[in-house]
Amino acid sequence: METSTPTPFEGDTATTRTASGQTDGAPSNRKALTIGAVAKILGREFEDISISKIRYLEDQKLLAPRRTPGGYRLYSQADVERLRAILRMQRDEFLPLRVIRQELAAGARQERGETASIRRAASVEAGKGTRLTLEELVDETGVRAELIKDLEDWRLVQPGKIDGTKVYDDTDREIIKACAELSRVGVSGRNLKVLRTAADREAVLLEAVVGAGLRSANHNVRQEAIENLESLAAACSNLTHMLLVRDLRKLTGED
């Protein structure tokens with residue numbers, strides 16, 4: 001049975017000692033860390049980190065710490081930094097584990113502000129994200145308040161409320177930017193209602209497939225359902241795009 005108490009194999013590994021004899025909370029480059037020590041170090045940045053969550057991420061093949069002959073996990077500096085990157089992708093970009101796994105497999109990531117914003121907006125898993133007032137949204141997107149109101153009337157944008165103030169999230173912002181591009185060629189919110197209806201029907205279809213898992217009280221089952229929903233949504237999006245491409249080819253006489 002694993003505990004967070006240092007084992008004879010690990011020694012004093014919870015923190016790195018400074019020249020004054022104090023500890024700075026940073027993992028040592030030379031000594032391995034127990035799972036409890038890792039949780040303590042990362043707890044300064046991630047309030048919801050726990051030993052069970054670290055184990056879960058290992059079960060999902062995102063981490064692979066080495067083991068002692070007795071079965072104890074030993075985390076290196078690289079393991080801690082990898083875990084930190086995983087937690088930041090979850091917290092800052094709301095990426096599902098499937099996507100995080102792909103990011104890690106692709107090698108070192110570079111911060112991509114605009115791309116991260118779009119991906120955060122596209123995530124089906126609820127998160128804090130950005131909250132903008134109407135005035136802030138107008139300043140950030142350059143879209144007129146009148147157009148935003150029109151998009152709300154046609155349910156293309158669905159703001160929430162905080163303390164009685166209407167607020168918009170990352171998804172609303174990206175939808176507004178996309179609709180603004182279409183409005184420049186005369187496509188109004190009324191014209192886009194067909195897309196809203198299609199999205200509603202697609203959501204009903206996917207809810208029928210993974211709804212039971214999303215309603216589960218078991219965290220692991222719910223997390224798996226969310227990842228499946230992400231994958232299915234991507235597949236539906238790709239199918240819709242290819243069907244559109246085929247129809248557009250007919251319009252141009254190329255099919």
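Predicted model: local features only at pLDDT ≥ 70, side-chain atom pairs only at ≥ 80, totals over all residues.

Biologist: Got it. Which helix does I176 lie in?

Modeller: I176 is part of helix α8, which covers residues 170-183.

Biologist: And is I176 buried or exposed?

Modeller: Buried, because its relative accessibility is 0% and the cut-off for buried is under 20%.

Biologist: What is I176 in contact with, beyond its neighbours within four places in sequence?

Modeller: I176 is in contact with L137, T141, V143, I148, L151 and V157.

Biologist: How far apart are I176 and V138?

Modeller: In sequence, 38 residues; in space, 9.9 Å from C-alpha to C-alpha.

Biologist: Let's zoom out. How many helices and strands are in the chain?

Modeller: The chain has 10 helices and four strands. Starting at the N terminus, the order is α-α-β-β-α-α-α-α-α-β-β-α-α-α.

Biologist: And what share of the chain is buried?

Modeller: Of the 255 residues, 34% are buried. The accessible surface is about 15,700 Å², and carbon and sulfur atoms hold 52% of that.

Biologist: What about the largest nonpolar core?

Modeller: That core has 25 residues, and V38, I54, L57, L83 and I100 have the most contacts inside it. The elements that supply two or more residues are α1 (35-42), α2 (51-59), α3 (77-93) and α4 (97-105).

Biologist: Which of them gives the most?

Modeller: α1, with six residues. There's also another core apart from this one, with 13 residues, including V143, L147, I148 and L192.

Biologist: Okay, how do α1 and α2 pack?

Modeller: Their axes are 9 Å apart, at an angle of about 110 degrees. So α1 is roughly perpendicular to α2.

Biologist: Which residues meet there?

Modeller: From α1, I35, G36, V38 and A39; from α2, I51, I54 and R55. By class, that contact has five nonpolar residues, one polar and one charged.

Biologist: Last one: what share of the contacts with a separation of 6 or more is between residues 24 or more positions apart?

Modeller: That share is 56% for this chain.

Technical notes. Residues numbered from 1 in each chain as written. Heavy atoms only, no water. Buried < 20%, exposed > 50% of the residue type's maximum accessible area, 1.4 Å probe, protein only. Contact = heavy atoms within 4.5 Å. Areas by Shrake-Rupley, 256 points an atom, 1.4 Å probe, with all protein chains shown as cover. Core = buried A, V, L, I, M, F, W, Y, C linked by side-chain atoms within 4.5 Å. Axes fitted to C-alpha atoms, helices over the stretch in contact; angles between N-to-C directions. Parallel < 35°, antiparallel > 145°, perpendicular 65-115°, else oblique. Nonpolar A, V, L, I, M, F, W, Y, C, P; charged D, E, K, R; others polar.
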